[in-house]
Amino acid sequence: MGKIFKFHQDVDTDQIIASQYIIYPTIDEMKVHAFESLDAAFASQVQEGDYVVASENFGCGSSREQAPAVLKALGVKAVVAKSFARIFYRNAINIGLPVIVCKDLYENVNAGDEMELSMKEGVVRTGGREFQCTKLPEYMQGILDQGGLIAALNK
Amino acid sequence: MGMTMAEKIIAAAAGASEVKAGDIHTVELDRLMSNDGTTHLTIDMYNQLKEPRIADVNKLVWIVDHNVPCDSVKTAASHKKMRDFAKEHGIRFYEGAGVCHQVMMENHVTSGELIFGADSHTCAYGAVGAFGTGVGCTDYLYAMVTGKSWLLVPETLRFNLKGKLKEGVYARDLILSIIGMIGANGANYMAMEFGGEGLKTLNMSDRIAVCNLCVEAGAKTALMEVDEITLDYLKAHGREPKHCFASDDDAVFAHTYEIDLSTIKPIVAKPHFVDSVVDAKECVGTHIDEAFLGSCNNGRIEDLRVGAELIKGKKVHSLVRFLVVPASAEVYRQALSEGIIDTFMEAGAIVMNPNCSVCWGSCQGVIGENEVLISTGTRNFKGRAGHKDSFVYLASAATVTASAIKGEIATADMI
């Protein structure tokens with residue numbers, strides 16, 4: 001089980017990691033600034049295995065791959081949203097950060113709740129309830145299973 | 001069954017006779033653009049590959065535009081890494097030539113190409129009927145190494161344009177109106193295709209402005225029908241089209257919108273979302289601290305002419321910084337030859353070298369806590385132009401210049 005960090009709709013990639021940090025040499029140097037404008041405590045409180053739950057259009061805006069990369073580097077296990085902006089969605093899969101669409105979860109959980117996601121089943125379990133997600137197309141799940149696009153390239 | 005422009009370009013790139021929305025195809029890329037926002041990370045990943053290689057170095061274009069000239073020691077390190085790698089591998093490299101998309105349009109892009117750019121506004125290339133789409137650096141690296149990538153064929157939203165924009169209304173107002181109408185994710189995963197008689201009234205600068213901003217509605221790409229204006233533009237820049245695709249009459253669109261250009265009004269997008277659009281008149285009188293005329297969206301010679309005409313013989317308001325940033329060196333030199341730069345400087349504007357500037361909030365011109373910017377840039381997200389508690393309004397070159405003169409949001413008819 002992991003703890004839920006909850007975000008609203010239309011969270012853009014500038015909020016996930018602001019422009020002034022993305023030119024830093026490494027993801028490790030950037031990650032402490034994740035979600036700085038929305039929740040300054042996020043980077044220090046999030047732990048390995050925790051989840052980000054969001055409403056519609058998560059990750060809209062810039063193509064900066066640093067956005068999913070800092071979340072992965074901080075130990076976020078997956079992002080579950082009502083919908084994703086396409087570049088963030090694609091980038092997350094390419095770097096091996098699980099992302100999945102779940103229409104009903106957002107309204108039924110609070111920040112700090114515990115949840116578990118099974119990507120294979122496409123199911124979130126929390127508070128004794130189950131929420132069905134939209135499973136990834138096989139092709140994209142295949143990229144995730146290999147640990148991302150570069151891991152696949154290295155095989 | 002008929003195909004859309006997006007489907008035809010992907011079919012050609014996939015070597016398939018037919019593709020349809022929802023299919024996933026392996027495609028051959030024509031061109032790969034990357035800038036200093038992410039290239040340093042691409043290089044790090046490249047160096048960790050088991051078998052590092054570049055499929056076709058002639059497809060690669062690298063452009064330093066986000067922080068140029070560089071503004072810190074950290075940035076200098078990232079730039080040096082990019083510069084050295086480009087030199088070592090013989091990659092086409094620009095630094096100081098302008099904002100990446102403008103440089104690409106002036107020098108490289110042609111009709112019918114499929115292009116990955118490690119920047120979300122790569123959809124600008126649709127202005128000449130090229131399928132440009134923004135990707136992250138892992139996608140970019142994979143394509144750089146293999147020459148290929150995978151693409152989910154998008155559905156298409158079709159926009160039939162008719163009529164003509166009224167005097168004092170610009171392409172910028174048109175695309176902000178469309179984004180307001182369909183919303184920030186109204187075209188998510190989709191292509192936005194533009195055609196109709198009204199398209200012929202839009203010049204290439206207008207077309208770039210419209211296509212460039214389509215990602216703010218979530219679009220994967222934007223595409224405009226190729227016509228005489230496109231072919232003239234390509235010819236003037238010494239290029240031939242690769243393919244001149246148009247959607248078939250029986251192509252399937254997810255939705256078709258009819259847009260009468262004569263109904264569009266001057267628009268302002270309020271903080272902190274590009275789809276928070278209102279009639280510019282509703283914002284008149286709003287306090288501003290800075291005004292920005294520039295960016296890949298609105299920093300071309302046509303935009304500078306609009307601003308210069310308004311401000312000629314007048315002064316920038318004493319409490320406002322007015323940044324004027326030509327989108328490329330070519331634009332800058334043209335503006336110099338027309339006396340436009342002199343007009344802006346005479347009025348008290350700060351004219352800067354071509355770069356992304358305050359449009360991306362990590363460059364010269366950033367705004368401080370609680371400050372307000374009116375901008376021809378691409379985004380007005382929270383903190384986009386500097387401090388996390390600052391405010392960005394988006395508008396046309398005319399509205400931005402009028403505001404710089406008045407010291408508060410104003411429309412051109414008030415000058």
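**A friendly note on a two-chain predicted model**

1. Let's start where the chains meet: 36 residues of chain A are in contact with 42 residues of chain B. Here, contact means that the C-beta atoms of two residues, placed from the backbone, lie within 7 Å. This is a predicted model, in which local features need pLDDT of at least 70 and side-chain atom pairs count only at pLDDT 80 or more, while totals for chains, interfaces and linings use all residues. Residues are numbered from 1 along each chain as its sequence is written, and chains are lettered from A, with ligands numbered from 1, in the order in which they are written.

2. Chain A has an open sheet of 7 strands with mixed pairing, in the order β4-β3-β2-β1-β5-β6-β7. Two strands pair if DSSP finds at least two bridges between them. At the edges are β4 (99–101) and β7 (129–132) of chain A, each pairing on one side only. Strand β6 (residues 123–126) of chain A joins β7(A) in the antiparallel sense over 4 bridges, and A:R125 stands opposite A:E130 in β7(A).

3. Now to chain B, where 5 strands form an open, parallel sheet in the order β4-β3-β2-β5-β6. Why is one side of β4 and of β6 of chain B left without a neighbour in the sheet? Both β4 (92–95) and β6 (131–134) of chain B stand at the edges with a single partner strand each, so one side of each has no neighbour there. Neighbouring strands of this sheet are turned by 20° against each other on average, direction ignored. For such angles, axes are lines fitted to C-alpha atoms, for helices over the stretch in contact, and angles run from 0 to 180 degrees between N-to-C directions.

4. Helix α5 (residues 137–146) of chain B packs on that sheet, touching β2 (31–35), β3 (60–64) and β5 of chain B. The direction of α5(B) makes about 140° with that of β2(B).

5. Helix α2 (residues 39–47) of chain B has several buried residues, among them B:T39, B:L41 and B:Y46. Buried means that 20 or more other C-beta atoms lie within 10 Å of a residue's own, with C-beta atoms placed from the backbone. What covers the buried residues of α2(B) includes α9 of chain A, together with β2, β3, α3 (73–89) and α5 of chain B.

6. Chain B is divided into domain 1 (5–262) and domain 2 (267–414), with bounds from an automatic or database domain assignment. The C-alpha centres of these domains of chain B lie 24 Å apart. Across the boundary, 31 residues of domain 1 of chain B are in contact with 33 residues of domain 2 of chain B. Helix α6 (171–182) of chain B is one of the suppliers on the domain 1 side, and α6(B) gives the largest share, 6 residues.

Technical notes:
Helices (H or I, at least four residues) and strands (E, at least two) are DSSP runs, numbered from the N terminus. A residue is buried if 20 or more other C-beta atoms lie within 10 Å of its own, exposed if 12 or fewer, and partly exposed in between; C-beta atoms are placed from the backbone.
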